[in-house]
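Biologist: Could you walk me through reading this model, one feature at a time?

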Amino acid sequence: MRVTQGMLNNQLLRNLNTNLSRLEVLQNQMATGKRINKPSDDPVGLSFALRYRSELVSNEQYQRNVDSATSWLEYTDKLISETNDVLQRARELAVQGANGTNSDESMEALAMEVEQLYEQLVNIGNSQFNGKYVFNGQKTDQPPYDMATAKLLGTADPDTGKILFEIGTGITIPVNISGKELFGANDATNPNAFQVLEELRSALMNHNQSDVNTVLGKLDNVLDNAMSKWAEVGARSNRVELMKNRLDNENINIQTLLSKAEDADLAEVMINLKMEENIYQASLSTGARIIRPTLVDFLR
């Protein structure tokens, strides 16, 4: 087959373009630090990278959910601690009021302090976190208790709906405790914390030591229930903390897999880039010798 000068020129241009294409790929890898910059670079690797990116986004959302759940549980823990302080102080006053040596004035002073404790407990029951009422279940836009009616029988109990946070794939955890669970139901046979405080105030105001002794037992029941819910919140907090550690580890693992799938080995890229530059320079040098002869050169 006859090889013409035009064929040599065309082949030279094709080879130069091929060399330039390889240079472009390596320069893109060096500039971006990524081995995959377009689907054609590695279709299989790209599918893995996209999957890892999707898992990473989901994992980061779970981490944000864990942070929100932790904040809610920590605030609830603080409120239950305050509730326990109020009830413990009420019990101290009840024990003091059960002492037969108290004067009428002392009993009335104790009753006035119990009234203040009642108001404080209602304020705790109406606490808000980020603008949401903590102890009213899913009805977070409505206060669960009213200062005037919380102590009365027949008052509606707070909502008992659960606020659930998804902290992992298929894993949800309730972060709230309803007022009915913490303070008790509005029940004549088993009065809630507000009714117990009102009974204590009334007994002290009426100088009735027998009734004060009766209320002491009810106070103990309310305190035991509060301690039980405090332990429950603590258990949930521990589980959320374990999930946080797990998600942190998964995040590191997914990022490692993603890096292996799409990141370039810069040392290898630099070596290959230098090699391709030498090849390109050699191609230009060789091509200059091939296309240099002209008709004038043969007429000399």
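Biologist: Where does the largest share of the lining of the largest pocket come from?

Modeller: First, this is a predicted model, in which local features need pLDDT of at least 70 and side-chain atom pairs count only at pLDDT 80 or more, while totals for chains, interfaces and linings use all residues. Numbering starts from 1 along each chain as its sequence is written, and side-chain values use heavy atoms, without hydrogens and water. On a 1 Å grid over the protein atoms alone, a pocket is an open set of points with protein on both sides within 12 Å along at least five of seven lines, a cavity is a set where a 1.4 Å probe fits but cannot get out, and lining residues have an atom within 4 Å of a point. Here H6 gives the largest share of the pocket lining, five residues. Helix H2 (43–97) and helix H6 (209–262) each supply at least two lining residues; helices (H or I, at least four residues) and strands (E, at least two) are DSSP runs numbered from the N terminus.

Biologist: What classes of residue make up the lining of the largest pocket?

Modeller: Ala, Val, Leu, Ile, Met, Phe, Trp, Tyr, Cys and Pro count as nonpolar, Asp, Glu, Lys and Arg as charged, and the others, Gly among them, as polar. In this pocket there are five nonpolar, four polar and three charged residues. The lining includes Glu 55, Tyr 62, Gly 168, Ile 171 and Arg 246. The space inside is about 160 Å³, a volume filled by probe spheres set on grid points that are joined across faces, edges and corners.

Biologist: How many cavities of 30 Å³ or more does a search of the whole structure find?

Modeller: The search finds one. About 50 Å³ of space lies in the largest cavity, and among its lining residues are Tyr 145, Asp 157, Gly 184 and Asn 192.

Biologist: Which residues are on the covered face of strand S4, and which on the uncovered one?

Modeller: In a regular strand, side chains alternate between the two faces of the sheet. In S4 (residues 171–174), Ile 171 and Ile 173 are on the covered face, with Thr 172 and Pro 174 on the uncovered one. S4 runs antiparallel to strand S3 (residues 164–168), and four bridges join them; strands pair if DSSP finds at least two bridges between them. Gly 168 has Ile 171 as its bridge partner, and Phe 165 has Ile 173. Two residues lie between the strands of this hairpin, where Gly 170 takes a positive phi near 75°.

Biologist: Which residue other than glycine has a positive phi near 60°?

Modeller: That is His 207, in the loop between H5 and H6. Buried means under 20% relative accessible area, exposed over 50%, and partly exposed in between (1.4 Å probe, protein chains only). At 30%, His 207 is partly exposed. Asn 130, also not a glycine, has a positive phi of about 55°; its loop lies between S1 and strand S2 (132–133). At 67% relative accessibility, Asn 130 is exposed.

Biologist: What covers the buried residues of H5?

Modeller: The cover includes H2, helix H3 (104–125), helix H4 (179–183) and H6, judged by contact, meaning heavy atoms within 4.5 Å. Among the buried residues are Phe 194, Leu 197, Leu 200 and Leu 204.

Biologist: Which residues is Gln 128 in contact with, leaving aside its neighbours within four places in sequence?

Modeller: Those are Tyr 75, Tyr 133 and Val 134. Gln 128 is found in strand S1 (residues 128–129) and is partly exposed at 38%.
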